[in-house]
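Me: I am new to reading structures like this one, and I would like to go through some of its features slowly. Could you show it to me first?

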Amino acid sequence: MGNYAIEVENVKIRFNLASERVDNLKEYTIKLVKHELMFQEFLALQDISFKIKKGESWGFVGPNGSGKSTLLKTISGILQPYEGSVKVDGRIAPLIELGAGVDPNLTARENIYLNGLVLGHSREFMEKHFDEIVEFSNLEKFLDSPIKNFSSGMKARLGFAVATVVNPDILVVDEVLEVGDMKFRRKCNERMQQMLAGGTTLLYVSHNIESVQTLCDNAIWLDGGKIRMMGSSQEVCEAYREEQEREITARREERRAKLRAAGKKYDYLIVGAGLYGAVAAKELTRRGRRCLVIDKRSHIAGNIYTENVDGIQVHKYGAHIFHTSNEKVWKYINKVADFNNYINSPVASYKDELYNLPFNMNTFYKLWGLKTPKEVQEKIAAQIAELGITEPKNLEEQALSLVGPDVYEKLIKGYTEKQWGRDCKDLPSFIIRRLPLRFTYNNNYFNDRYQGIPIGGYTGIVEKLLENVDVMLDTDFFEYCKEHSDMFKKVIYTGMIDEYFDFCYGHLEYRTVRFETERIEEANYQGNAVVNYTEREVPYTRIIEHKHFEPEEEQRNPKDYTIISREYSTEWKPGIDPYYPVNDEKNSVLYEKYRALAQQEKNVIFGGRLGSYRYYDMDKVIEAACETVAKELNIRPWI
Amino acid sequence: MDLLRYRIRTFFKYKDLIKELVARDLRLKYRRSFLGYVWSILNPLLTMVVLSIVFSHLLGKKIENYPVYLLSGRMLYDFMKNSTNNAMRSVVVNAPLLRKVYVPKYIFTFSKVTSCMVDMVLSLVALIIVMIATGTEFHVTILLLPLVILQLYIFCCGLGFFLAQLNVFFRDIQYIYSVVLTAWMYCTPIIYKLDERFPRWFHIAVKGFNPMYYYISQSRDIIYYGNWPGPRIFWGGWLIAFLALAIGVWSFQRSKDKFVLYI
């Protein structure tokens, strides 16, 4: 072998998979008896040959399902080639997210050992290098907390530190590093550069083409299990990027061409296929107006988008629970969806103790063991009186003066601080005006008369609303306007209002959330759809377990896995998805300035959460959209 | 021969991993609860007390020194039940790891059975306590106990391998196996004595086809009766153990390369 670290020759990987996934004996027997057991040959890789010299760095790019991971698995020895051969000279260290497949109750310290041993190191070796690993990962403080409290970023950090503790001959990195923060990614890149200089061979898979270009000298572009292109990473990545762009443009052009060929002109161009846009489109269309809906994203439904992942409806942009007291809105939405009787009753976790939310008698009983409302009211009043706060100067004092120290410390403080990324003492008091305390044993979070989750997810609702409406995805409004401004008469704009005016007065601020979604091989992870983590030390604010939004689906179709999303509050920067407007004075003033501009735009209506810079519940969105249409068409409002 | 040497070498390469996995299981089991290890003793003791009270009245013919009779069989059965149950899930549970890194897959199955074995040995204290409390004589034959445990350990490894690989392809094996375990328990003379009250066919079935009978009879002989076990059950026990191991290893070996496609 000599010079080569890896020699892959004519590798073919063939999966002989059942056409439908049959993983239980019952179905297997039924299918066997009925002669329905079909096997399908699937070539995950074919005609793959290449040689990698020692010390080279290779990137692998290609669309999902093109065989990148399969190829790396074959090189690592996890998969056996069906034909051909793979020769590897040297020790392979794959980068594994720490805690993968390991009991979540183990501490980080125990996980470090376990992970190292899995990679084939000896215990003695791990003991010798333990401090080094901890130092690199920069997580000394958390060594003895259980791994379940770690974010994916933290787990990736530890994983990277363990995998690179000695220069392995071959380092395999498969997408794991995408989750860490910028600083850590830079640190990893430096380490990898160092290792490359020290003679390590690097195999790197990433969707982030830039990182492939900076880290790797060579690259292979896989497409449909075959090598499409191989060569210097600059060239391959460039070609791959061009192709990707070509595909998106082609898809878009095809759709536009179709519309143009039909000779269609529209009365309204609706920007944003979220709930607001969809309701407006439906109501306008129903009344004979022609609408075109466009959206930047490659799916409809905006932030209420739910995606079916292995039979579970995943709320991709955070938990959405429909609730309203407006009977008309409820009837309206029930025409396009079937709702279940889900009732939101979140649970708060503080230092391994669970408390019911919203603050009610169950919460107080757990806190103090008090049983009657009178006792509780006295207790809280006494606690507040003891503090003697007359004029709250900040959020902390405000909250304390409303609920007293016990509820505040355990259930409000940490959560609020994570949400805002600041100490409660440094937050203005107006954020919390009121903290409703309930003196009944009622865990229903909302006070509304109607509540539920649409069976089959929210995307279906928007699909139904847009049934007879032309929709174009992957389409940016500003770009579209440049060429097609003759296609429509008026615009309903639900995007960011400041962006419409090119940020002429500066950026409006938002709070934003980031999700880490993970499939877990467990039937039931936390027993509730929403669990808030009110400790400052746990980095995420809450965990959503999506299957519990649709208990009836789970009953009909039990699954032995689940999907959870950890929710992190992050600072918003231009370029990331904005979520909540920040209603402080500065931003309100700024918004008013933009609103004045908006009123001068005669042919543009601004609406929705981003278009009117305010927080909307879904029922309020429907009301607002219907109101807008009524006003626009000069008809009597019906909602 | 080279292959064998290679296998032995990998086994030693991962011996620290096995140790750590076993230690982890025990740690997790004993952590968090104040009673920790004490539970391991208390649990069989309490079950024994309950069963003794219930069955000493229920069974027509009294079994002398019922607590020791019960415990000397039940502990082995519980070990078999726990270890094979855990072993069955061992591959599937570690799927995220196995998808990412090459580790010999049997390591996880093997370490599960081993940790259950260690747990059982630790909880033997319960048996000793009961023997002292009931004034049971300690026969010299008890020295044979490690050998009986070893037989059962080998048997459980074999069965564990077999179930672990089957569970990868058919997840509902878990439910089927739990039914099998219940039936198995009633077909094994743990709470009762296999005496003349039972029909002849039942004797033949249990003695001929129930492996657990061999191990429990041996343990009863050396602990409860103070006899040396007869050659039939002693050598039979070894034979069954290695037969199970052979079947387990063969089935595991045959399908292990396909695991990653199904987990």
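Me: At what angle do helix α4 and helix α11 of chain B pack?

Reply: Helices here are DSSP runs of H or I with at least four residues, and strands are runs of E with at least two, numbered from the N terminus. Axes are lines fitted to C-alpha atoms, for helices over the stretch in contact, and angles run from 0 to 180 degrees between N-to-C directions. In this predicted model, local features need pLDDT of at least 70 and side-chain atom pairs count only at pLDDT 80 or more, while totals for chains, interfaces and linings use all residues. Residues are numbered from 1 along each chain as written, and chains are lettered from A, ligands numbered from 1, in the order written. Helix α4(B) (residues 66-93) and helix α11(B) (residues 211-225) pack at about 140°, with axes 9 Å apart.

Me: Which residues of α4(B) and α11(B) meet?

Reply: Two residues are in contact if their C-beta atoms, placed from the backbone, lie within 7 Å. Those of α4(B) include Val68(B), Leu76(B) and Met80(B), and those of α11(B) include Ile216(B), Arg220(B) and Tyr224(B). By class, this contact has 10 nonpolar, 3 polar and 1 charged residues, where Ala, Val, Leu, Ile, Met, Phe, Trp, Tyr, Cys and Pro count as nonpolar, Asp, Glu, Lys and Arg as charged, and the others, Gly among them, as polar.

Me: How many residues of chain B are in contact with chain A?

Reply: Chain B places 27 residues in contact with 29 of chain A. On the chain B side, α2(B) gives the most, with 5 residues, and by class that side has 17 nonpolar, 1 polar and 9 charged residues.

Me: How many helices and strands does chain A have?

Reply: Chain A has 21 helices and 25 strands.
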